[in-house]
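Thanks for coming. I will go through one structure, sheet by sheet, and then turn to the contacts and the core.

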Amino acid sequence: MGVKVGIPEALLYHEFGSLWLDFFQNSGVPVALSGKTNKQILDRGMSLAIDESCIPLKVYLGHVESLLTTCSHIFVPRIAQYYPDNHLCAKLAGLPDIVQNTFRLANEKLLSPNIENSSAATIAKAVHTICQPLGLSDITGHQAYRQAVKQWKNTIPIQSGHPVKAKIAIIGHSYIIKDVFFNSDIEKFFKSQEVEIIISGDLPNKIVYEEAKAFQQDIYWQMSMKIAGAAQYFCGQDDIAGVIIVSSFGCGPDSLVNEYLEHHIFKPSNKPHMVLTIDEHTGNAGLITRVEAFWDMVARRLKLEGKLPADGLS
Amino acid sequence: MKVSYPQMGYLSIPVYNMLTNLGVEVVEAPAISKKTVELGSMYSPEGVCLPYKMNMGNFLESIDKGADTFVTMCGAGKCRFGFYSAVQKIQLSKTKDVGFYTIDSNHLLTGLYHFLQSVAPEVSCLEIVKQLTMAIKTLKALDTINNAKNFYGSRSTTPDTIIDIANQSAGDFRDCRAFRDVKDKQNRVIHLIKSMSEDNNKQPPKVGLVGEFYLLLEPYVNYRVEDVLIKQGIEVKKFVNTGAWVYSNTLLSSLGLYNEEHAYQKQARPYLNHHVGGDGLKSVGSTLWCAQHGYDGIIHLYPFGCMPEIVAQYALKNIAQDFNLPLLTLSVDEHASDVGVLTRLEAFVDCIKRKKK
């Protein structure tokens, strides 16, 4: 089998995917993606993972398994922290160990660079960890990395311009709200209502971190910081009619941060908001009912405010 | 100012002594009961882990008793523990205007020192250092007694007496004022335990108790698993020696002589190679140590949903398999019932005993 690096399309792929793909492309290494999450991947992940793991982790293990037979290497980076005092959650910090303990792969099959800070030394070491098993020189790796970072910084989130009735913001960890398997039902519903949805992952990082500055002394999780920043930003926008927070059952940071945001952001802002918790048993009927009810409420308010035509206020 | 703090097994005794000896008025939370659990869960976010809910219950009960200033620990890391106080403050401020102090466990010495200075401003620096040292001494004494309970209790034909002596002795350390006191009391209890136990050279089956700090420490939430095992003739090694922990995290680490992360990172290899926050690395390291030192079983105890311990569990599963080591995982939340836990413990002990034969 020739060299082929498999990248699971889950967890931090939704955050850094394009950077990783560019990196491997620039260094001329063939890459295989595990594809979009589907029922089979979820089922496999559920049987592989420890029961108490959160659903994104279960899905991740399903993705990894689907790559094992076709790829010579699997890319499972450990990203624990890249801004000072901003950690990522325990599961992400232990990701290579979780994968290793679940599948018991040969050490060289796993490409797991360790990112604990953003220093040049860490990056040099990380690039070396990837390049060595692939038979690349470190110089090629560095060039590829530098180029990839440049491309990554230049990507601008897409903004749609077509007319809509209203805008609803969806906030959550990017690995949940960007995974079609979890959010397609919500998306479909709002499309049918001609409502545009904006997800927090599409906001430029600059805005998000600027908005999150007020919470810096309390929140120390990187992802939660982004959620707080996005929540703050959306609540300050007049054209956002409501905010939906999607989190997964068993998500450690979310269990506390949602409460914190409720008190510090949502209540003072008076924006309609709702927390949707998903797990692997979520039947979509229950989810849709809640989203429908939420939209009814938001629409009612919009009608009262005269922002929507009041045809038969129910 | 009436200071209160969460209950945490015998860790609250030296804290009480330290504060009262410095002239601070302390209102202790009532011992954890069913009411604490209910109250705590009612005023906590649903998905949060058990220690948060118990601490909350303690705070609310001590507010009823008149407390107005709270001190708690926080450990900035990947685990939720560090974020407790930010959310607890929100809930508590709804009830009453309260003061809230948090001590960062990563800077335990400086944190404790600053806290003590602000609640007892007129006390000299030397006195504070003395009280800190005494707290560590007391904790070490309590650890020693606990270890003696495990050692002699499991070898005794009347383990109940020894358990009672050890458990009740903890209360005697209240109001200790001098180093001499601590030493005397420790010696007396150890002597008493020794005199109660018969000479017996038989080595009972050994079980390692690993997991999350709070769950291991607070007997109410861990269903006194240690005592249950001792009564069935199992020698327990609990991997949370508070005295040693506080000592190494205050004095040694501030001198740069100790780094908890590095100490356990080496021990946990190759099953867990990185720090994952909380006690994850420690659980894996201790389990591996037990596996290599002829232990007969491992009990892994953690609050439901604990992030670091779940990561650790992936590793524990493999250690158990590779070393053919029986492993019992107990994930505890506010709904767990003691009967269910006891049944599982008994079945586990039966397994170990049969395997040993």
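In which sense do strand β3 and β4 of chain B pair, and over how many bridges? They pair in the parallel sense, over six bridges, with β3(B) covering residues 69–74. Before I go on, please keep in mind that this is a predicted model.

One position in that pairing can be picked out by eye: B:Thr69 stands opposite B:Gly99, which belongs to β4(B). Helix α4 of chain B, residues 84–95, packs on the sheet and touches both β3 and β4 of chain B. The direction of α4(B) makes about 155° with that of β3(B).

Now the whole sheet. It is an open sheet of four strands in chain B, and the order is β2-β1-β3-β4, with parallel pairing. Which strands are at the edges? They are β2, residues 25–26, and β4, residues 99–104, of chain B, and each of them pairs on one side only.

Next, chain A. Here I want to show an open sheet in which four strands follow the order β10-β9-β11-β12, again with parallel pairing. Its edge strands in chain A are β10, at 195–199, and β12, at 273–278, each pairing on one side only. From one strand to the next, the twist averages 25°.

Inside this sheet, strand β9 of chain A, residues 166–172, runs parallel to strand β11 of chain A, residues 240–248, and six bridges join them. If you want a place to look, take A:Ile168: its bridge partner in β11(A) is A:Gly242.

Two helices of chain A lie across these strands. Helix α11, residues 222–235, lies across β9 and β11 of chain A and runs at about 165° to β9(A). Helix α13, residues 284–304, lies across β9, β11 and β12 of chain A, at about 160° to β11(A).

Back to chain B, and its domains. It is divided into domain 1 (2–123), domain 2 (129–201) and domain 3 (203–357). Taken over C-alpha atoms, the centres of domain 1 and domain 2 of chain B are separated by 26 Å. Their contact takes ten residues from domain 1 of chain B and twelve residues from domain 2 of chain B. What gives the most on the domain 1 side? That is helix α1 of chain B, residues 12–21, with seven residues. By type, the residues on the domain 1 side divide into eight nonpolar, two polar and no charged.

Now for where the two chains meet. The contact takes 34 residues from chain B and 27 residues from chain A. On the chain B side, α4 and α14 (307–323) of chain B each supply at least two residues. The largest share of that side, nine residues, comes from α14(B). The residues on this side of chain B divide into 18 nonpolar, 13 polar and three charged.

In soluble globular proteins, nonpolar side chains tend to be buried together. The largest nonpolar core here has 192 residues, and those with the most contacts inside it include A:Ile170, A:Ala228 and B:Leu301. Helix α6 of chain B, residues 125–155, gives the most to this core, with ten residues.

What does B:Leu301 touch, leaving aside its neighbours within four places in sequence? Its contacts include B:Leu209, B:Leu215, B:Val225 and B:Leu330, and also B:Glu212 and B:Asn222. That is where I will stop.

Note on methods:
Residues numbered from 1 in each chain as written. Chains lettered and ligands numbered in written order. Predicted model: local features only at pLDDT ≥ 70, side-chain atom pairs only at ≥ 80, totals over all residues. Core = buried A, V, L, I, M, F, W, Y, C linked by C-beta atoms within 7 Å. Buried ≥ 20, exposed ≤ 12 C-beta atoms within 10 Å, placed from the backbone. Contact = placed C-beta atoms within 7 Å. Pairing = 2+ DSSP bridges. Axes fitted to C-alpha atoms, helices over the stretch in contact; angles between N-to-C directions. Nonpolar A, V, L, I, M, F, W, Y, C, P; charged D, E, K, R; others polar. Domains from an automatic or database assignment.
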